[in-house]
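Please read the following briefing alongside the sequence and the three-dimensional model. It is arranged by topic, so that each point can be checked against the coordinates in turn.

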Amino acid sequence: MKIAVMGAGAVGCYYGGMLARAGHAVLLIGRAPHVAAVSRDGLFMDTQSFQAQVPMQASTDASAVRGARLVLCCVKSPDTASAAAEMAPHLDADAFVLSLQNGVDNAERLQAALRREVAPAVVYVATEMAGPGCVKHHGRGELVIGPSSFSKDLLKLFADAAVPVTISDNVAGALWAKLILNCAYNALSAITQIPYGRLVQGDGVEGVLRDVLSECLAVAQAEGISVAGDTWHAVQQIARTMPGQLSSTAQDLARKKPSEIDHLNGYVLRKGEALGIATPVNRALYAIVKLLEAR
């Protein structure tokens with residue numbers, strides 16, 4: 001199967017690389033230095049279970065989605081609308097789009113813009129770009145995907161690539177569960193530039209995590225969302241399973257790039273304001289990250 005990855009950052013490269021290792025024709029769409037390295041040498045995958053140079057194609061142009069049966073959309077949430085506009089003229093009629101993005105509404109936004117079925121996926125993986133053409137995997141790798149006409153194909157596709165996948169009828173609850181994890185950790189890790197394992201050892205940090213969690217759950221409940229799983233246990237598990245991971249927001253700030261904070265704590269803040277629910281801890285974390293972005 002020809003598969004295109006729109007937004008070849010750490011997440012896109014990891015899943016694209018795993019699919020390429022399983023024999024699929026994967027094409028990465030990303031920034032010029034990364035594309036040049038992959039085109040020349042392939043993608044170097046430094047994972048917890050293997051290290052390999054994986055041959056694949058790469059392009060800087062969204063028109064490269066042409067001919068792809070599956071498109072993994074992995075762009076940052078602020079870039080969703082522009083990515084959809086760039087892809088739309090070039091997508092084949094039967095191309096299926098899977099959103100592997102943070103936030104809870106990207107699949108809906110893509111579906112409205114592209115006027116085709118788009119499935120949301122909740123991504124549980126710790127990865128980072130270790131340089132052009134090199135992705136480093138720190139842990140996990142499972143996906144929770146919403147039901148779609150392409151569900152059976154996705155299950156087989158990812159199973160053959162050694163990627164654990166669950167199809168969930170409550171993907172909205174799973175997306176909110178992931179949003180809560182991001183709201184709990186991303187801003188704190190970004191502000192301090194400290195990985196999760198050390199972060200949770202800080203004085204008062206557990207209280208902040210619990211406050212963020214309770215605010216998010218209050219907003220989700222008011223939205224009619226049944227959040228999947230034991231959220232506090234999930235928050236604790238992140239630090240245990242990804243102790244060396246810096247959040248994507250921390251990586252963005254370190255590289256002086258815009259972050260997704262508007263679609264994380266900022267999203268909860270806006271929803272809370274609309275619903276009349278106070279979210280002071282999310283507000284504070286959001287405001288501090290925005291100040292750091294503006295430096």
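This is a predicted model: local features need pLDDT of at least 70, side-chain atom pairs count only at pLDDT 80 or more; totals for chains, interfaces and linings use all residues.

**Salt bridges**

- The structure holds eleven salt bridges, and one of them joins the side chains of Arg140 and Glu142, with a nitrogen-to-oxygen distance of 2.6 Å.
- Both partners of that pair are partly exposed, since Arg140 has a relative accessibility of 30% and Glu142 has a relative accessible area of 23%.
- Another salt bridge is formed between the side chains of Glu273 and Arg283, where the distance from N to O is 3.1 Å. Because Glu273 belongs to helix α11 and Arg283 to helix α12, this pair ties together parts that are ten residues apart in sequence.
- Glu273, at 47% relative accessibility, counts as partly exposed, and Arg283 is likewise partly exposed, at 40%.
- A further salt bridge, at 3.5 Å from N to O, connects the side chains of Glu293 and Lys290, two residues that both lie in helix α12 and are three residues apart, about one turn of the helix. In general, an α-helix has 3.6 residues a turn, so residues three or four places apart point the same way.
- Glu293 is partly exposed at 25% relative accessibility, as is Lys290 at 28%, and together with Asp262 these residues are linked in a network of salt bridges.

- Helix α11 spans residues 265–275, and its buried residues are Asn265, Gly266, Tyr267, Val268, Leu269 and Gly272.
- The elements that cover these buried residues include α6 (171–192), α8 (205–222) and α12 (280–293).
- After α11 comes Gly276, a residue whose phi is positive, near 75 degrees.

**Asp252 in helix α10**

- Asp252 is part of helix α10, which runs over residues 248–254, and it counts as buried, with a relative accessibility of 3%.
- When residues up to four places away in sequence are set aside, Asp252 touches Lys76, Lys257, Pro258, Ser259 and Glu260.

**Cysteines**

- The structure holds zero disulfides. Cys74 is accordingly in no disulfide, and the nearest cysteine sulfur, which belongs to Cys73, is 6.7 Å away.
- Cys74 is buried, with a relative accessible area of 13%.

**Positive phi outside glycine**

- Arg115, although a residue other than glycine, has a positive phi near 55 degrees. It is found in the loop between α4 (106–114) and β8 (118–131), where Arg115 is exposed, with a relative accessible area of 78%.
- Ala162 also has a positive phi in a residue other than glycine, with a value near 65 degrees. Its position is in the loop between α5 (151–160) and β10 (165–167), and Ala162 is exposed, with a relative accessible area of 59%.

Note on methods. Residues are numbered from 1 along each chain as its sequence is written. Side-chain values use heavy atoms; hydrogens and water are left out. A disulfide is a pair of cysteine sulfur atoms within 2.5 Å. Buried means under 20% relative accessible area, exposed over 50%, partly exposed in between (1.4 Å probe, protein chains only). Helices (H or I, at least four residues) and strands (E, at least two) are DSSP runs, numbered from the N terminus. Contact means heavy atoms within 4.5 Å. A salt bridge is a side-chain nitrogen of Lys or Arg within 4 Å of a carboxyl oxygen of Asp or Glu.
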